[in-house]
Amino acid sequence: MDPLYIASAILVALTTFILSQVILKVNEGEMIVVERLGRFSSIKRPGIHFLVPLIDRPRTVNWNRRVEKRFANQTVSIVDENFMHYRIRTSNVAFDIPPVSCYTKEKVQIHVNIIVYYNITDLQKAVYQVDDLYA
């Protein structure tokens, strides 16, 4: 093979790799925390952003949560979900709390099912000051 052909193939592969690390597309309803040399640099909102190669890096977060899955045959299983990604959803997220039985003032038993909606308003605090957001 021609050495010029091999050198150009390596150059194209290296350029493609660097461009994939430099161009960052953030979708609607999510944000990304960018660190420069391991320290907080900025928050990227929806749009196209350019990063400095080998210096800027998206911060990956690792959050765990335990979820009860209910099936049609009335069985319940507890599943641990692991969120490990650098794209963080900032739109409303539904958090289902298991049903609770309680008694009213008139001694009538009722079942209460609660759904909590939350969204992240300050991403920097959610990433750096909260150990486990879901907990």
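Predicted model: local features only at pLDDT ≥ 70, side-chain atom pairs only at ≥ 80, totals over all residues.
Who does arginine 36 team up with? Its partner is aspartate 56, and the two form a salt bridge whose closest N and O atoms sit 2.7 Å apart. Arginine 36 belongs to strand S2 and aspartate 56 to strand S5, so this pair links distant parts of the chain, 20 residues apart. Aspartate 56 comes in at 11% relative accessibility, so it counts as buried.

## Arginine 59 and glutamate 35

Next up is a salt bridge between the side chains of glutamate 35 and arginine 59, at 3.0 Å from N to O. Glutamate 35 is in strand S2, while arginine 59 lies in the loop between strand S5 (56-58) and strand S6 (61-70), so the pair ties together parts that are 24 residues apart in sequence.

## Glutamate 30 and arginine 87

Now for glutamate 30 and arginine 87, whose side chains meet in a salt bridge of 2.8 Å, N to O. This pair also links distant parts of the chain, 57 residues apart: glutamate 30 is in strand S2 (residues 30-36), and arginine 87 is in the loop between strand S7 (76-85) and strand S8 (88-89). Glutamate 30 has 12% relative accessibility, so it counts as buried.

A search of the whole structure turns up three salt bridges.

Technical notes:
Residues numbered from 1 in each chain as written. Heavy atoms only, no water. Salt bridge = Lys/Arg side-chain N within 4 Å of Asp/Glu carboxyl O. Helix = DSSP H or I, 4+ residues; strand = E, 2+ residues; numbered from the N terminus. Buried < 20%, exposed > 50% of the residue type's maximum accessible area, 1.4 Å probe, protein only.
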